[in-house]
Amino acid sequence: MDITELINISDYEREARARIPESFFGYYAGGACDEITLRDNVTAYSRIKLRPRVLVDVSNRLFDTTIMGCPTAAPIIIAPTAMAKLAHPDGEVAIAWAAKNTGIIQCLSTLSTCSIEEVAAVETAKWFQLYVYKDRQITEGLVERAAAAGFRALVLTVDLPVLGVRENIMRTGLQLPPGVTMKNFEGLHNTEAAAIQSYINEQIDPSLSWDDMKWLISITKLPVWVKGILRGDDARRALDCGVAGVIVSNHGGRQLDTAITGIEALPEVVAAVGSHVEVLVDGGVRRGTDVLKALALGARAVLVGRPVLWGLAVAGQEGVEQVLDILKREIDNAMALCGCPSLADIGPDLIAN
């Protein structure tokens with residue numbers, strides 16, 4: 001299929017399913033247990049209704065912004081997603097080039113199939129996502145490499161004390177193709193599929209606490225965001241620890257099934273932290289109206305993960321650029337139809353109670 005025939009994110013998802021092996025698609029697309037939260041992440045946006053303004057001059061619309069002072073062409077960040085080479089041989093490097101060409105910030109996953117240094121060679125705004133492992137030296141090493149490579153922020157994922165029950169992976173199995181490894185762990189362990197998965201499972205630290213967040217913040221000069229917050233009280237504790245920002249997230253529905261969605265949790269978190277730090281949200285963003293709704297409820301920007309992988313699977317770097325451009329066009333259209341010539345005009349009054 002000619003990618004010019006793909007006009008929205010759902011089109012890219014269907015085409016990606018047809019182009020990559022079932023086990024790879026299942027790894028990307030699947031969620032925990034009955035996948036209730038996975039589905040809710042998308043449908044929660046459809047339940048939010050808009051109250052558009054009329055007779056507003058929207059002949060000129062601007063939606064470029066900054067996130068923690070970092071310029072971006074739209075209120076979107078590419079979310080950290082593992083193992084991008086399952087979608088395309090160029091993996092995370094292709095995503096980096098797409099981010100550069102579209103002016104969007106990329107957040108690189110620790111579990112990437114291209115190394116920190118390979119992705120850093122593409123000179124664009126990048127953040128690095130990580131976990132605090134049992135072996136703290138692994139975490140320290142990753143932090144040092146990210147800082148040395150010019151990454152601008154760290155994103156600590158805190159909603160994975162243990163892996164969620166991902167039954168789709170149990171059914172289909174997952175084996176990395178020959179030559180594809182977890183690049184950031186080379187030299188630390190056997191980086192083939194089965195070995196690295198068991199290694200990571202062994203390294204995940206269920207004793208992780210707020211003290212560990214303080215420890216991470218203390219060992220780096222990079223700003224640290226916390227990802228995986230769904231409660232106002234947790235957001236406040238993160239703020240007290242000194243985080244630079246909060247990302248409201250349920251891990252794409254891949255951890256605790258029946259957990260609240262990010263967009264549902266967003267207002268409580270925004271109220272808890274006030275104007276002290278910026279708040280982002282991820283999970284389920286498929287339309288420009290979803291982005292507008294998130295901003296109206298207090299988010300500075302959204303993170304987009306699976307749609308980027310669909311674009312990558314369909315047409316590599318070009319596919320990712322097309323997906324990001326689709327979202328940009330839809331944001332622009334939604335702003336015009338809601339009477340919002342700028343992001344500053346997007347507020348809670350647009351949301352129907």
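Tutor: Happy to! Let's start at Leu 55, which is exposed, with a relative accessible area of 90%. Anything over 50% counts as exposed, so Leu 55 belongs in that class. Keep in mind that we are looking at a predicted model. Where does Leu 55 sit? Its place is in the loop between helix H3, residues 36–47, and strand E1, residues 65–67.

Now for the backbone. Most residues other than glycine have a negative phi. Leu 55 is not a glycine, yet its phi is positive, at about 55 degrees.

Follow the chain past E1 and you come to Met 68, in the loop between E1 and strand E2, residues 70–72. Met 68 is not a glycine either, and it has a positive phi of about 55 degrees. Is Met 68 buried, partly exposed or exposed? With a relative accessibility of 28%, Met 68 counts as partly exposed, because that class lies between 20% and 50%.

The chain has 13 helices and ten strands. Its radius of gyration is 19 Å, close to the 20 Å that the globule rule gives for 353 residues, so the chain is as compact as a globular protein of that length. Finally, look at contacts between residues at least 6 apart in sequence: 74% of them join residues at least 24 apart.

Key:
Residues are numbered from 1 along each chain as its sequence is written. This is a predicted model: local features need pLDDT of at least 70, side-chain atom pairs count only at pLDDT 80 or more; totals for chains, interfaces and linings use all residues. Side-chain values use heavy atoms; hydrogens and water are left out. Helices (H or I, at least four residues) and strands (E, at least two) are DSSP runs, numbered from the N terminus. The radius of gyration is taken over C-alpha atoms; the globule rule is 2.2 Å times the number of residues to the power 0.38. Contact means heavy atoms within 4.5 Å. Buried means under 20% relative accessible area, exposed over 50%, partly exposed in between (1.4 Å probe, protein chains only).
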